[in-house]
Structure formats: structure tokens, C-alpha cells
Amino acid sequence: QSCKPGRVLRVMAESRRKPSDGNRRLVLHFDINETIMIGDPASNVNLITSLNRVIAKMAIVRRSLVADDAGDYVWHDGSPLDVSKRRSDAEAPPLLDDFKLPIGCHRFFEVYRQR
């Protein structure tokens with residue numbers, strides 16, 4: 001079972017075998033993918049794919065206010081996602097240092113995973 005933000009990890013006690021001293025053991029299982037190691041060999045996700053997913057989960061976008069199509073998105077600050085549509089001297093969108101998404105914004109990973 002994968003862990004979702006806001007959920008409590010379930011602790012499972014393994015009671016099938018008792019150690020020689022007769023005490024029960026407590027076995028904790030943690031999903032550490034994309035936390036202390038990059039990649040997921042069990043799911044056949046390589047380093048590059050895993051890095052792209054981590055970046056996409058941290059990139060914040062919102063619908064364009066002047067979208068030609070209902071599916072057009074821009075960075076959270078309103079600048080175009082397409083580099084060719086940005087001014088050549090444009091700065092990168094500022095980093096967000098709050099864990100809450102700005103109103104009307106979404107994580108890039110969630111928006112483009114649905115397409």
C-alpha cells in the first residue's frame with residue numbers, strides 16, 4: 001500500500017513466528033521511493049524517470065487566464081510553460097516556499113498525468 005500525504009502509516013505486527021526468547025517482533029514497512037533514494041526498481045522506474053516525476057510534483061501551474069483552449073496552463077506566476085513564448089531575458093518563475101498551493105494552482109504532475 002502506498003502512502004498518501006496526510007495519512008498515517010499503518011504499523012503491522014508480524015506474529016507468525018516468535019523469536020527464540022518468546023517475545024513478539026514488530027516489523028515496520030516503509031515506502032522510501034523518491035524520499036532517500038531516487039528510482040523504484042520494484043516498479044521498473046529508472047533514475048531519469050524518477051527525477052522527472054519529483055520535479056513535476058514540485059512544479060506549480062494554473063490555468064491561463066487568456067487560454068485559447070481550456071487545457072492551456074501557465075506557471076504559477078502567469079509566465080508561459082513554453083520557453084519559446086517567453087521573453088529571452090525572462091527570469092525563471094519564483095520558487096514557492098509554502099506547502100500550501102496558491103489559490104487556483106495545481107501540481108504539474110497531477111495536471112499532465114490526466115492527459
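Buried residues have under 20% relative accessible area, exposed ones over 50%, and partly exposed ones lie in between (1.4 Å probe, protein chains only). This is a predicted model, in which local features need pLDDT of at least 70, side-chain atom pairs count only at pLDDT 80 or more, and totals for chains, interfaces and linings use all residues. Residues are numbered from 1 along each chain as its sequence is written, and side-chain values use heavy atoms, with hydrogens and water left out.

Figure 1. Helices (H or I, at least four residues) and strands (E, at least two) are DSSP runs, numbered from the N terminus. Read from the N terminus, the elements follow the order β-β-α-β-β-β-α. Of the 115 residues, 16% count as buried. The protein exposes about 9900 Å², and carbon and sulfur atoms supply 54% of this area; accessible areas come from the Shrake-Rupley method with a 1.4 Å probe, and for residues only the protein chains shown count as cover. Among contacts (heavy atoms within 4.5 Å) with a separation of 6 or more, 32% join residues 24 or more positions apart.

**Figure 2. The open sheet of three strands, in the order E4-E3-E5.** Two strands pair if DSSP finds at least two bridges between them. The pairing in this sheet is antiparallel. E4 and E5 stand at the edges with a single partner strand each, so one side of each has no neighbour in the sheet. From one strand to the next, the twist averages 45°; axes are lines fitted to C-alpha atoms, for helices over the stretch in contact, and angles run from 0 to 180 degrees between N-to-C directions.

**Figure 3. Bridge partners along strand E3.** Strand E3 (residues 60-63) pairs with strand E4 (residues 73-75) over three bridges. On this side, Val 61 stands opposite Trp 75, and Arg 63 has Tyr 73 as its bridge partner. E3 also pairs with strand E5 (residues 105-107), again over three bridges. There, Ile 60 is partnered by Arg 107. In a regular strand, side chains alternate between the two faces of the sheet.

**Figure 4. A nonpolar surface patch that includes Ile 48.** Ile 38, Leu 47, Ile 48 and Leu 51 make this patch of about 350 Å². Patches are made of residues with over 30% relative accessible area and no salt bridge; like charges are joined within 9 Å, and nonpolar side chains (Val, Leu, Ile, Met, Phe, Trp, Tyr) within 5 Å. Ile 48 lies in helix H1 (residues 47-58) and is exposed, with a relative accessible area of 55%.

**Figure 5. The salt bridge between Asp 89 and Arg 87.** Side chains of opposite charge can pair when their charged atoms come close. A salt bridge is a side-chain nitrogen of Lys or Arg within 4 Å of a carboxyl oxygen of Asp or Glu, and the count by this rule is one. Here the distance from N to O is 3.0 Å. Asp 89 is exposed at 53% relative accessible area, and Arg 87 is exposed at 60%.

**Figure 6. The loop residue Asn 44.** Asn 44 lies in the loop between strand E2 (25-27) and H1. Most residues other than glycine have a negative phi. Asn 44 is not a glycine, yet its phi is positive, about 60°. Asn 44 is also exposed, with a relative accessible area of 71%.
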